[in-house]
Amino acid sequence: MSSQSSLQDRALDVLQTVFGYPSFRGHQAEIIGQVAAGGDALVLMPTGGGKSLCYQIPALLRDGVGVVVSPLIALMQDQVDALAELGVRAAFLNSTQTYEQAMRTERMVRGGELDLLYVAPERLLTQRCLELLDASKLALFAIDEAHCVSQWGHDFRPEYIRLSVLHERFPQVPRIALTATADPQTRAEIAHRLQLDDARQFVSSFDRPNIRYQIVEKNNGRKQLLDFIQEEHAGDAGVVYCLSRKKVEETAEFLCAHGVNALPYHAGMELADRTANQSRFLREDGIVMVATIAFGMGIDKPDVRFVAHLDLPKSIEGYYQETGRAGRDGLPADAWMAYGLQDVVQQRRMIDESEADESFKRVQGAKLDAMLGLCETLHCRRVRLLDYFGQASGPCGNCDICLSPPVSYDGSVRMQKLLSAVYRTEQRFGAGHVIDVLRGTDSEKIRQWRHDKLSVFGIGADVGEQEWRAILRQAIALGLLVVDHDAYSSLKLTDAARPVLRGEQQVLLREYRKPEKKKRDGSRA
Ligand code: ADP
Ligand code: ZN
């Protein structure tokens, strides 16, 4: 008991004297206690939650060097520099070093001169490195970004699976695995594959109450983004995520031309330019970084006031991770996204055209479906988001749905019309054409295919094109229609469509609202 409490005292002392923080956050104290005492831990904590201290402090409290396995090679130098500034003796081993540099680090490890050693997983698994560790006193192993062990995850790294060797070869050394990906399947997979079944699990709340979630229908995304920035975030720092490099460039130019202090960032840029833009974003006030998802890993800027998505993320994990970069300081921040039917088509195509095997594609498809479900939900976005991570909660009062609840109506007849139009046109056409048929539009293509002769021609003329698009998106989110991967992105009926077509199943739809401007307090302008 007394040794336990003195361990706590020593941990707090290190927090204050070395890191300069007055107190622990969340589960930090418990986690540090567990690992410092020699136990294993599995830590699930959102990005920005403070995972690093959970292994850094135990490494300082225990004899020997703490070995940190991380796939983020690009961040190691910064991490080591930051620690050196605090007087912590840290170094790294990865492929960016010269032979001499690596030799020097190895000597320091052997001589017991280091508190922390960062290693890339592929490096750690080399015979040379394992033998180095055999010959050294080890404080702990920290396995950062532990979700990389999950084959179904978005950043699977095969070397991570082989990290179970650490337990076999160094059974006495405590291990702590950390990740910001919290869904129950990934958690189970980490515990299983890294042989951490007996580790204590620490699961933090993933709620970020100061972030307001908002997902709007896209009609002119760039213009909507500009309005959003000008009306709600003039002069604020923010991040805008786009899918492609080209769109990053175009969007940054567009924003600059309209007086927003925007910079581009993507992996296709010269390293020097990219790094320069990143450090300007970190140092200067009020810069809007327009970026692909290459941007953000390890970026720690507390006062990002908004994160905007101009394209649909691939998964809820991605969305959560990216939006999580807003409001780290705890002050109000926005997660804003514009999304439309075209996003669904595009993402589907990317999955279908990827080189991955079928089962992987199925998983990606399911993740996209979950993301669509979040976009089309009639209920609180936060409830949906946290539920995805296995955490129950109540309506938040701080998302677009809570602030301005959508009205639902019995849309069974409209849905039947849509599904019939897909069926009558033989499931061979994309959204635009199907809507033309429904609305009775006179076009070359309609006449060419004689679709003006179909019974469904014009049966939906009372509904506007935008509204049909909204219904179509809901049909996809409800799993009644899928977008095929042929060249036309044609719509196909699923088995679930049958009872709806036969009138055996009611469909609730969201009442359509023309996109309009909203004030900050959620009321309509
Ligand atoms: P994660 O790895 O979970 O994304 P970090 O370990 O990088 O998070 O921590 C995020 C930020 O929070 C860092 O700036 C860190 O110094 C700070 N931080 C962590 N723990 C505390 C604490 N107990 N008190 C104050 N700041 C903290
Ligand atoms: Zn809500």
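**Helix packing, sheet and core in a predicted model**

I start with one helix pair: in H19, Lys417, Leu418, Ala421 and Val422 meet Val434, Val437 and Leu438 of H20. Contact here is C-beta atoms, placed from the backbone, within 7 Å of each other. Those contact residues divide into 6 nonpolar, no polar and 1 charged. Nonpolar covers Ala, Val, Leu, Ile, Met, Phe, Trp, Tyr, Cys and Pro; charged is Asp, Glu, Lys and Arg; the others, Gly among them, are polar.

A note on the model. It is predicted: local features need pLDDT of at least 70, side-chain atom pairs count only at pLDDT 80 or more, and totals for chains, interfaces and linings use all residues. Residues are numbered from 1 along each chain as its sequence is written, and chains are lettered from A and ligands numbered from 1 in the order in which they are written.

Back to the pair. Helix H19 spans residues 412–424 and helix H20 residues 431–439; they pack at about 115°, with axes 10 Å apart. Helices (H or I, at least four residues) and strands (E, at least two) are DSSP runs, numbered from the N terminus. Axes are lines fitted to C-alpha atoms, for helices over the stretch in contact, and angles run from 0 to 180 degrees between N-to-C directions.

Next, the sheet. Its 7 strands form an open sheet in the order S3-S4-S2-S5-S6-S1-S7, with parallel pairing. Strands pair if DSSP finds at least two bridges between them. Strand S3 (90–93) and strand S7 (200–203) are at the edges with a single partner strand each, so one side of each has no neighbour in the sheet. From one strand to the next the twist averages 20°. Helix H5 (residues 99–110) packs on this sheet and touches S2, S3 and S4; its direction makes about 125° with that of S3.

Within the sheet, S2 (residues 65–69) and S4 (residues 116–119) run parallel, joined by 4 bridges. Val68 has Tyr118 in S4 as its bridge partner.

Which residues touch the most other members of the largest nonpolar core? Leu117, Val119 and Val290, out of 149 residues. Such a core is a set of buried Ala, Val, Leu, Ile, Met, Phe, Trp, Tyr and Cys residues joined through C-beta atoms within 7 Å. Buried means 20 or more other C-beta atoms within 10 Å of a residue's own; exposed is 12 or fewer, and partly exposed is in between. Leaving out residues up to four places away in sequence, Leu117 touches Val65, Val67, Val68, Ala91, Phe92, Leu93 and Val109.

Last, strand S8 (residues 211–217): 5 of its 7 residues are buried, so S8 is largely enclosed by the rest of the structure.

Notes:
Two residues are in contact if their C-beta atoms, placed from the backbone, lie within 7 Å.
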